[in-house]
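Let's walk through this structure together, one question at a time. Have the viewer ready and follow along.

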Amino acid sequence: MTAWLARRLLWGAATVLGVLGFLFVLFFATADPEDIAKRALGEKAPPEAVAQWIANHGYDRPRVWNPADPTDTMLFEHYRRMLAFDFGRSDADDVPIAQRLRAGVGVSLSLTVPLFLLGIPLALGASLLVAFFRETYIDRAGVVLAVVAMSVSILIYILAGQYVVGVLLRWFPISGFDIDPAVVARFLALPVGVGLLHGLGSDVRFYRTVFVEETSRDYVRTAFAKGAGDGRVMARHVLPNAMLPILTHEVVRIPGLFTGALLLESFFGIPGLGSMTVDAINANDFATLRVMVYVGALLFIAAQIATDVAYTVADPRVRLG
Amino acid sequence: MRLAAALALLALACGNNPYPGADDALRVLYTPYSEPPKTLDPQVAYATVDHDVLSNVYETLLEYHYLHRPYELIPALVTAVPEPRRLDGGGVAYAFELRPGIAYGADPCFALGTPGATSRELVASDVAFGLQRIADPAVGSPVLVTFAKIRGLAAFGERLAQRRAEQPGFAALRIDEQYRRAGPVEGLRVSDPHRLEIVLDAPYPQILYWFAMPFTSPVPWEAVAWYDGAAGRPLFPEVAVGTGPFRLARYDKRSRIVLDRNPDWWGVRHPEWKAPAATYPSDGEPDDAARGVLDPHLAGHPLPFLDRIEMRLEKETIPAFAKFMQGYYDRSAIPKESFDRTVSEGRLSPEMEARGMRLERAVRPGVYYLGFNMIDPVVGAPAGERGRKLRQAMSLAVDVPEFLRVFLNRRGIPAQSPIPPGIFGHDPEYRNPYRSLDLERARALLAEAGYQGGFDPATGRPLRISFDTPDTTVQSRLRFQFLIDGWKRLGLDVELAATSYNQFRDKVRNGAYQLFFWGWVADYPDPENFLFLLWSEMAQTKSGGPNTANFSDPRFDALFHELKDRENDARRAALIREALALLESERPWIELFHPEDYALVHGWLDGLKPMGLPVPVWKYYAVEPEARAEARAAWNRPVRWPAYALAGLAAAGLAPALATWRRERRA
């Protein structure tokens, strides 16, 4: 187990270093420090101000190789800062990125955690129901609805949700956010609802297959033969045995909770890390973008390791080594 | 399950109001903004949204008269608009007299100067400090080029940079100490706490316009020193410490910005001054009375009328407009999707009129144009007479009225020259002979240029010209295709090269482009601010300046040189006419249109007159909260029956299966 963990961590570290290098190359293949400066200062900025901005932000160093001082390059500085978790300031407005992260992560979690926590029981409940009534009209209608639901783009859900619920029915605000506990629920109701509805289709399709496969196994027949009730068989026998694919499916989603929901946040005006990433891309904000990519990569690798560990808990036959 | 149902009911009960209900009785302005401000540092900020926020907190020495057009300067923090005083040796001096007794809004930073203090009086050295910051390389102000005209200011910045580089520990000194040690600026003379004289090396009358822009706002050194990002304090660009009518109460710029009325504002404390910048004007343009901006509850009253300004980030136009329609924003731009529903033939639709809305139209002091890269061998100056005739022909094939009709719902007026209405030198009677659609003449000119029927004799194929743009959206592709189709009718093969912003910048740097689409909005209302876009010293490829057409013509330069620093007199008007005549035939630009803004305003918001310049206007706005609360209640009654219907439908769907299951179980 220890050796396995060490190996995985080593691979993870190599991956993160690769991701950082890849990001640097990709970004600077298409953008110049001058472009970043022009975005930050505006098109009207005179060349002197642009040059000054580049110097103030350290983009006047050689990119990869400096014969005089190999540590005085943009690439070296890039790695040094990321590995030391010294995130620095945003290229767009000089706000410390760590402060941005702290402010944004709570907002993102307030959207993604309810989405995640409500989504699992909803998807599992719906799939258990459909699987239980398989080969009836409920199963067929459920599958048709799920296929339709997963085929529609989330943008349609967002726009239709805003129009139907916000404009026609006037149940909730169309968009917006306010962390004030008195009003936060009314802002989250619609994006969470839209997110749940959008996720439900593919989840039900996936879990139904898992459950249908499980319910046709021998131990299920045995359980019924012993006289266990329908509810008990589905909840106590089928559900734990279907845990492996559920874990794989759900645990990898956890890093996404922190990095936010890009489209939901953008369209509902929720100032979390997802919309922050979109803004950074639009603003040529390299400093913020690399932090988001770096943090995302770290979380993803952590989640992968956590999934593997969770297998051993869910299924004692699995051994890591 | 019961809990979830209870939560859902609770949420349903509160409806779609995005604000806590307690705001209903306050005089609050609710306004959306589409992207977060980059900085609130007045010496750096250049974006409209930055100015929207900071110009309510920071004030300037001068402002513009709210109603008069053409634009007219009025004194704000000073007692009078200064007159230039000629000095021996070619210099010019302006003496600003600050009103005594103006205090900063309360802020903890003032304890740095006097322990325990939360405010202090505005003094002339704060104005000088603000101007010195423009020269400070660490501040990174975009306008040093202009203010370098102040004697010794640029040298001050260089001394500062030098000391920071050479003396260890210098950069760690408190900012006022650094500036003191770097030595005085000759052109900034503070003779007593309320008097500042600025000295320019040469006449530059436009400098006064700059004193109505946020760049010249006085700044207390305490704020710069205190807000340094250390010990959990924000950075200076994220705060605002000024003397203005509002103060920054909340700055979550990625979702919400709140400005509260400043109870200590000098305009509120001293209504007896009747200061022009603190009193709603009593006279305006002839049609202002009809617009309702001179109503008795406004005219002559002390400012401001609002208690609070609530700004919410709305990146997408459709939800922002929907909330405006629900009464949750007081005014709104009109998204393209909703245009036909709201406006027809330049007037408000009956549906909107029934809701008590108004339509505000204003031509912005700006110009959109197509530019030729004048150093290009085919379309530019190196092609000589052929190039000129080609540009003239292409100019004659652009149908701007149709362009405005198809793409902008007629929001704009066709441009005849770079100078927009409301700016000295704009002649509404002037008709540019190359700025109307005339395909016959265009074909003739093309033939004279040697491109008979659009064919390039060198290749035997239609002449290929590339139209370079950083805009890759579908909408702009359609717009550009419209222009390209116009030239196609001459037989020219114009090819759209839409690349990323970064690649476009590369092309511009290398001069590898032929034709581009660009726009410019005035910083200040002076023709110089438009004609300098064609001055050879501003050439983009050579010097990185905003002359993206790389136009370079000694005749134009000579005219521009003489007109740029002149007062608005007859000679200047003649020089402008001559310069425009030159542009008329040289055609470095195909002037397209001056943009016109349409805004919808609810009936409960008064005192609006569009300015078109980045100046504080919100202090002139007035709102009737009772009327707004009534309208909101009437327009937003939730429709609940679909929730019950949906629940019923789900139950009905499940019932037969459940019934079968129970039957089977019993069996």
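Q: How many helices and strands does the secondary structure of chain A come to?
A: A word on the ground rules: this is a predicted model, in which local features need pLDDT of at least 70 and side-chain atom pairs count only at pLDDT 80 or more, while totals for chains, interfaces and linings use all residues. Residues are numbered from 1 along each chain as its sequence is written, with chains lettered from A and ligands numbered from 1 in the order in which they are written. Helices (H or I, at least four residues) and strands (E, at least two) are DSSP runs, numbered from the N terminus. On that basis chain A has 15 helices and zero strands.

Q: What percentage of the residues of chain A count as buried?
A: A residue is buried if 20 or more other C-beta atoms, placed from the backbone, lie within 10 Å of its own. For the 321 residues of chain A, the buried share is 35%.

Q: How is helix H2 of chain A oriented to helix H3 of chain A?
A: The axes, lines fitted to C-alpha atoms over the stretch in contact, have angles that run from 0 to 180 degrees between N-to-C directions. Those of H2(A) (residues 33-41) and H3(A) (residues 47-56) come within 9 Å and cross at roughly 110°. Because angles of 65 to 115 degrees count as such, H2(A) is roughly perpendicular to H3(A).

Q: How is helix H21 of chain B oriented to helix H22 of chain B?
A: H21(B) (residues 554-564) and H22(B) (residues 570-586) pack at an angle of about 155°, with their axes 9 Å apart. Angles over 145 degrees have their own class, so H21(B) is roughly antiparallel to H22(B).

Q: How many residues of chain A are in contact with chain B?
A: Chain B brings 46 residues to this contact, and they meet a chain A set that numbers 48.

Q: How do the residues of the side of chain B that touches chain A divide by class?
A: Ala, Val, Leu, Ile, Met, Phe, Trp, Tyr, Cys and Pro count as nonpolar, Asp, Glu, Lys and Arg as charged, and the others, Gly among them, as polar. Elements giving two or more residues to this side include helix H1 (2-14) and strand S10 (308-313) of chain B. The division is 23 nonpolar, 12 polar and 11 charged.

How values were computed:
Contact = placed C-beta atoms within 7 Å. Parallel < 35°, antiparallel > 145°, perpendicular 65-115°, else oblique. Buried ≥ 20, exposed ≤ 12 C-beta atoms within 10 Å, placed from the backbone.
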